[in-house]
Amino acid sequence: MSDFANLDIELPPLGFALYGMQTRVPPETEGHWRAAAEGRFTVPTCDDCGTNRWPLDLVCYACGSNNWSWQTVPGTGTVFTYTWIDNPTHPGGEGDNVAVIELDGTKGDPVRVPGWVVGATYDELACGLPVVADFEIVADGIGVPFWK
């Protein structure tokens, strides 16, 4: 069992991470958020065959193993697809984007993760745009990745 299971750790849900909306960290995903606080982007990885995947699934699609851990990947990729949310999602905010990033350097089927590209304008954001992960520390030892 996780040593964090009894702690009152809070983490913003994806999409509201930079805006103060809070929920509890699920024990299954805490490794991802802890690594983000250290500036590392991680994905669930099969401990038996090395296949990376997203989202978290307890069984490897490649070999059927249920042995997995959070492993660091390069933290670079390209915008696979995106959309704009024209109405602010938080008070005082502007329109936001939601993007799916295809990660570089993963093993197995392409790994695509949801997120948002910070600082991109309507004219700049495009499919195929190279991006790099950056991280916002939101609580002690807890970070949230976003893309630049």
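The points below concern a predicted model.

1. Overall make-up. The chain contains one helix and nine strands. Read from the N terminus, the order of elements is β-β-α-β-β-β-β-β-β-β. There are 148 residues, and 36% of them count as buried. Among contacts with a separation of 6 or more, 52% are between residues 24 or more positions apart.

2. The helix. Helix H1 covers residues 30-37, and six of its eight residues are buried, so the rest of the structure largely encloses the helix. The buried residues are Glu-30, His-32, Trp-33, Arg-34, Ala-35 and Ala-36. After H1 comes Gly-39, which has a positive phi near 80°.3. Strand pairing. Strand S5 (residues 76-85) and strand S6 (residues 96-103) run antiparallel and are joined by eight bridges. In this pair, Gly-77 stands opposite Leu-103 of S6. S6 also pairs with strand S7 (residues 112-115), again in the antiparallel sense, over four bridges. Here Glu-102 stands opposite Arg-112 of S7.

3. The nonpolar cores. The largest nonpolar core has 18 residues, and those with the most contacts inside it are Phe-41, Ile-101, Leu-103, Val-113, Val-117 and Trp-147. At least two residues of this core come from each of S3 (41-46), S5, S6 and S8 (130-139). Another core, of six residues, lies apart from it and includes Val-25, Trp-33, Ile-142 and Val-144.

4. Phe-41. Which residues does Phe-41 contact, leaving aside its neighbours within four places in sequence? Among them are His-32, Val-73, Leu-103, Val-113, Phe-135 and Trp-147. Of these partners, Leu-103, Val-113 and Trp-147 are also listed with Phe-41 among the core residues with the most contacts.

5. Cysteines. How many disulfides does a search of the whole structure find? The search finds zero. A disulfide is a covalent bond between the sulfur atoms of two cysteines. For Cys-49, the closest cysteine sulfur is that of Cys-60, at 3.7 Å, which is too far for a bond because the cut-off is 2.5 Å. Cys-49 counts as partly exposed, with 24% relative accessibility.

6. Thr-51. This residue is found in the loop between S3 and strand S4 (68-73). Is Thr-51 buried or exposed? Thr-51 has a relative accessible area of 5%, so it is buried. Leaving aside neighbours within four places in sequence, its contacts include Pro-44, Cys-46, Cys-60, Tyr-61, Lys-107 and Gly-108.

7. Salt bridges. The whole structure has three salt bridges. Side chains of opposite charge can pair when their charged atoms come close. Arg-40 is partly exposed at 33%, whereas Glu-38 is exposed at 56%.

8. Arg-112 and Glu-102. These two residues form a salt bridge, and their closest N and O atoms are 2.8 Å apart. Arg-112 lies in S7 and Glu-102 in S6, so the pair ties together parts ten residues apart in sequence. Arg-112 is partly exposed at 33% relative accessibility, and Glu-102 is partly exposed at 22%.

9. Asp-134 and Lys-148. In this salt bridge the closest N and O atoms are 3.3 Å apart. Asp-134 is in S8 and Lys-148 is in the segment after strand S9 (142-147), so the pair links distant parts of the chain, 14 residues apart. Asp-134 counts as partly exposed, at 27% relative accessibility.

Conventions. Residues are numbered from 1 along each chain as its sequence is written. This is a predicted model: local features need pLDDT of at least 70, side-chain atom pairs count only at pLDDT 80 or more; totals for chains, interfaces and linings use all residues. Side-chain values use heavy atoms; hydrogens and water are left out. Two strands pair if DSSP finds at least two bridges between them. Buried means under 20% relative accessible area, exposed over 50%, partly exposed in between (1.4 Å probe, protein chains only). Contact means heavy atoms within 4.5 Å. A nonpolar core is a set of buried Ala, Val, Leu, Ile, Met, Phe, Trp, Tyr and Cys residues joined through side-chain atoms within 4.5 Å. A salt bridge is a side-chain nitrogen of Lys or Arg within 4 Å of a carboxyl oxygen of Asp or Glu.
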